[in-house]
Each structure stands twice: as C-alpha cells, then as structure tokens.
Amino acid sequence: MKHLIYADNAATTQLDIEAFEAMKPYLLQEYGNASQPYSFARQPKKAIQEARETIASCIGALPEEVFFTSGGTESDNWAIKGIAFQNYSHRGTITTAFEHHAVLHACEAITRLKYPVDYLWPDKNGTITPDTLRQLITDQTLLVSIMYANNEIGSIQPIKELCAVAHSQGALFHTDAVQAVGHINIDVKELGVDMLSASAHKFNGAKGVGFLFIRKGTPISVYSDGGRQEKGFRAGTENVAGIVSMAVALKHNVDTLEKNRQHILGLEKQLIEGLYTREIAFIRNGGESTLPGIISLSFPNANGETILHRLDLMGIAVSTGSACNSEITEISHVLRAIRLDESFAKGTIRISLGKNNTKDDVDAILVGLKKILK
Ligand code: PLP
C-alpha cells in the first residue's frame with residue numbers, strides 16, 4: 001500500500017496503541033459477560049466500572065452520570081428522543097440548522113410524532129449567539145440541543161452561555177460534543193449542561209462505542225428495553241473492550257491535550273501560510289474560534305469533489321463540504337446554514353489534522369493543492 005496521508009481526523013481517528021493493548025484481554029481472555037454473577041464476570045465488570053470512573057473524571061462528571069452507548073449517533077438519538085418521549089405535554093425542542101444528521105434526523109423523527117422542533121440559524125462564522133437563542137426560546141421549550149463544535153467547519157459554540165439561557169427558561173440543555181471531547185477541555189459542571197454526547201473513535205478509541213453524560217435527576221426515558229445494563233436505561237450486553245479502549249484513549253488525550261493542541265495549531269499555521277505563499281486563493285470557514293485541526297477551505301470556482309478525488313489519487317485523504325451528484329453539486333446543509341456564497345461552497349474541502357499528522361503531511365497537501373488549483 002502506498003503511503004497514506006490521512007487528513008480526515010474529524011471523520012475518524014487512528015486507534016491509540018495503548019487503547020488497542022488495553023482492549024485485547026477483553027476480547028481474548030477476559031471475555032465473560034459482565035452481567036453474569038460468577039467470578040469469570042468479575043474482571044469485565046470491574047473494567048467497565050473503572051472506565052466509567054476514568055471517563056467521568058475526564059469531563060467533571062460523576063461516574064453514575066456516564067452511560068455507555070454505541071457512539072455519537074446513539075447518544076444524540078437518546079438525548080433528543082429520550083427527553084421528548086418523557087414529556088407528555090409535547091413542549092418544544094430547539095436545535096440548530098447545522099447540527100450533525102444524528103441530531104437533525106432525530107428531530108425530524110420526533111416532529112413526525114407531533115413534538116414541535118424549532119431551528120436556530122448560525123451567523124456567517126458558524127456561531128449561534130445567546131441572543132439568537134433568546135429570541136426563539138419560550139417557557140414552552142423543553143430541550144435545547146446545540147453542538148459543541150461543528151464537524152464541517154469546526155466553529156465552537158458558547159455552550160456555557162447558551163446553556164444559561166436555556167436554564168433561565170426552565171429548559172434542559174444537550175450538547176453534541178462528539179468533535180470536541182478529547183480535543184479541548186470539557187467540564188460538564190462548569191458548562192452546566194444536562195446531557196453531552198461523545199464518541200470514542202473521534203478521540204483515538206475504538207469505533208462503535210461512545211457515551212452520553214446525563215446529569216443526575218434529568219427526566220429521560222429508557223433508550224432500549226431488555227436487561228439491566230446501564231441501570232436499565234440502555235439494555236444490551238456491554239462492549240467491554242470498546243468501553244475500555246474509550247477510557248484509555250480519552251485519558252491519554254486529556255493528559256496530552258495541550259501538547260497535541262500546540263502541535264496541531266503549528267500544522268494549521270503551516271498549512272494556511274503555505275496557501276498564501278503559493279498564492280492559492282481561498283477562504284477559511286468557521287470564524288475565529290475553531291477546533292484545533294478542523295480546517296474548512298473554500299476555493300473560488302473550484303469543485304470540492306474533484307479536489308477530493310485528485311488528492312485521493314495522490315494518496316491524501318480529506319473530506320468535502322459538497323457532494324457531486326452527476327451534473328449537480330449538492331452543497332452541504334452546514335455551508336448552506338452559514339450562507340456561504342455558492343461559487344465558494346462548491347469548491348469546499350475539509351482538512352482535519354490530528355496529533356499523528358506531521359509537517360511532511362502538510363507539505364504534501366500543499367503540493368497537491370497547488371497542482372490541482374494551478
Ligand atoms: N455528531 C457529530 C458532531 C459528528 O461529527 C459525528 C460523526 O461524524 C456524530 C455525531 C456521529 O458519531 P458516530 O460516528 O459515533 O455515530
């Protein structure tokens with residue numbers, strides 16, 4: 001296989017070797033079902049509890065407030081539907097027009113069941129201001145769900161302030177922090193949020209595992225009926241190895257957060273400066289406050305899909321903000337939500353750099369872009 005330059009870390013990340021090593025015993029030797037009463041179940045049960053404690057300590061939660069799920073999609077679905085279905089008076093949900101589809105489609109599902117949903121629109125930088133929320137929220141709002149950082153353009157939202165607005169109207173607050181957890185400091189107590197979604201494969205853990213933080217006392221309905229796992233709220237045999245990998249990866253990323261941030265910001269600077277010195281015309285989306293490493297670039301009169309495929313031929317993996325469907329190029333809902341001019345939106349790619357990327361990777365991306373956009 002030719003050398004891959006992986007610059008799509010917002011899509012998924014490489015499993016940390018420590019996380020992989022920590023999972024192995026639970027796949028090969030300690031494979032007992034954690035719900036069984038015999039001694040062979042003791043170690044997996046202990047590992048799950050320790051993972052819960054580790055994860056809780058990484059986000060400022062109590063262990064009993066961490067509920068394991070199959071990933072970000074499930075966590076988002078649980079938060080949105082679990083609050084709506086517990087609410088017999090059909091009070092409303094407010095979310096944003098540029099959420100991940102896990103939130104948007106969950107909101108469409110509750111709308112079909114006559115639970116009202118309203119949408120906030122971000123400004124051109126991809127930010128939802130507390131004032132925007134103040135204009136829409138009423139005492140009939142039950143839940144506000146706003147993502148911590150956008151997965152396409154990286155813009156970070158003022159979650160603490162938004163959460164305070166929601167609480168001032170008696171509403172609950174959920175944040176989809178799938179892109180943020182493990183990459184920036186998150187403290188659920190400090191933020192005040194009632195629920196927070198996370199996914200292990202976005203921070204160098206295994207795929208197919210995540211968690212939902214649910215503040216103690218939050219009125220939420222059961223996600224899946226069956227056994228007594230997750231205190232009866234999310235039935236199903238636990239993915240012990242995945243859970244263990246998630247705790248190890250999160251702890252590792254949190255412990256090295258500042259070092260990783262500095263490294264990634266250095267690569268970002270190299271990329272942006274390299275575009276200027278090569279005289280490649282572009283704009284960067286997402287405003288001033290973005291997640292380290294998520295770089296949404298729009299090139300005028302270019303085609304994002306074509307850039308993606310040509311970079312792919314050079315062994316470079318990036319993502320796009322538009323999807324080409326034979327003759328029409330469809331612009332993503334995120335780029336539409338920030339009202340990006342069509343001629344730029346069509347030429348948008350997302351480069352997402354992670355802790356394992358190097359300066360050589362960035363050089364290769366710049367060489368590739370220059371060739372394609374010359
Ligand atoms: N929410 C956001 C913001 C995401 O970026 C993603 C994945 O891309 C998800 C939710 C879904 O997470 P998962 O892939 O773990 O289901």
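In this predicted model, an oxygen atom of the ligand lies 2.6 Å from an N or O atom in the side chain of S199, a polar contact being a pair of N or O atoms within 3.5 Å. Taken alone, the ligand exposes 390 Å², and the protein buries 85% of that (accessible areas by the Shrake-Rupley method with a 1.4 Å probe). A polar side-chain atom of D176 is 2.6 Å from a nitrogen atom of the ligand, while a polar backbone atom of G72 is 2.8 Å from a ligand oxygen atom.

As for the overall fold, the protein has 13 helices and 15 strands, taken as DSSP runs (H or I, at least four residues, for helices; E, at least two, for strands). Its radius of gyration over C-alpha atoms is 21 Å, close to the 21 Å that the globule rule gives for 374 residues, so the protein is as compact as a globular protein of that length. The rule is 2.2 Å times the number of residues to the power 0.38. Along its principal axes, the C-alpha trace spans about 65 × 50 × 40 Å.

Local features need pLDDT of at least 70 and side-chain atom pairs pLDDT 80 or more, whereas totals for chains, interfaces and linings use all residues. Residues are numbered from 1 along each chain as its sequence is written, and side-chain values use heavy atoms, without hydrogens and water.

Terms used. A polar contact is a pair of N or O atoms within 3.5 Å; within protein, one must be able to donate a hydrogen and the other to accept it, and residues adjacent in sequence count only if both atoms are side-chain atoms.
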